[in-house]
Amino acid sequence: MADTSLKFLIDADHGQFYIQDLEPYDTWMAEHAMDPDLPPGGWTDEAVHIHRIGAEPHSISVGTARDDMVESLITIHAFAPVPTAEHIVETDLDAPPAVSPYPAQGPTRMTDRA
């Protein structure tokens, strides 16, 4: 699998946006939404203050520096990449193998493929 990138603008309402595999995530949430031992959106103290992403099964919450339209670049790597950015966070997302083309739901606008 070759690296695949998607560059887009998204309305980061409340300083965050989500990347999710919706159907499995909704199924998981039906069982775990009210679990008091799980932080909402995967936002642990470490996620908030260090990584700026929260992870749950089938979902990644991405923290942004502002509540506004933000330009984002998401790259799916087949192997560990060579670090070239100011802030890099690595996580896994359970998603179907064919995630292209990238369907978007919510306030997004594709800018181009990187």
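1. Asp11 belongs to strand E1, which spans residues 4-11; strands (E, at least two residues) and helices (H or I, at least four) are taken here as DSSP runs numbered from the N terminus. With a relative accessible area of 33%, Asp11 is partly exposed, where buried stands for under 20% relative accessible area, exposed for over 50%, and partly exposed for what lies in between, with a 1.4 Å probe and protein chains only.

2. A word on the basis of this note: the model is predicted, so that local features need pLDDT of at least 70 and side-chain atom pairs count only at pLDDT 80 or more, while totals for chains, interfaces and linings use all residues. Residues are numbered from 1 along each chain as its sequence is written, and side-chain values use heavy atoms, with hydrogens and water left out.

3. The protein chain holds two helices and six strands, and from the N terminus on its elements follow the order β-β-α-α-β-β-β-β. The chain has 114 residues, of which 24% count as buried.

4. Asp11 also takes part in a negative surface patch, together with Asp13, Asp67 and Asp68. Patches are built from residues with over 30% relative accessible area and no salt bridge, like charges being joined within 9 Å and nonpolar side chains (Val, Leu, Ile, Met, Phe, Trp, Tyr) within 5 Å. The accessible areas come from the Shrake-Rupley method with a 1.4 Å probe, and for residues only the protein chains shown count as cover.

5. The structure has one salt bridge, the term being used for a side-chain nitrogen of Lys or Arg within 4 Å of a carboxyl oxygen of Asp or Glu. Lys7 forms this bridge with Glu71, and their closest N and O atoms are 3.9 Å apart. The pair links distant parts of the chain, since Lys7 sits in strand E1 and Glu71 in strand E5 (residues 69-76), 64 residues apart. Lys7 is partly exposed at 26% relative accessibility, whereas Glu71, at 53%, counts as exposed.

6. Strand E1 also contains Ser5, which is buried with a relative accessible area of 16%. The C-alpha atom of Ser5 is separated by 4.1 Å from that of Thr75, although the two residues are 70 apart along the chain.

7. Two aromatic pairs are counted; rings of Phe, Tyr and Trp (its six-membered ring) pair if their centres lie within 6.5 Å, and planes under 30 degrees apart count as stacked, over 60 as edge-to-face and the rest as tilted. One of the pairs is formed by Phe8 and Phe17, whose ring centres are 5.9 Å apart and whose planes stand at 85°, so this pair is edge-to-face. Phe8 and Phe17 are both buried.

8. Gln20, in strand E2 (residues 16-20), is partly exposed at 29% relative accessible area.

9. His14, in the loop between E1 and E2, has a phi near 60°, a positive value in a residue other than glycine, and is exposed with a relative accessible area of 64%. His58, in the loop between strand E3 (53-56) and strand E4 (59-63), has a positive phi near 65° but is buried, with a relative accessible area of 19%.

How values were computed: Lys, Arg positive; Asp, Glu negative; His and termini not counted. Charge placed at Lys NZ, Arg CZ, Asp CG, Glu CD.
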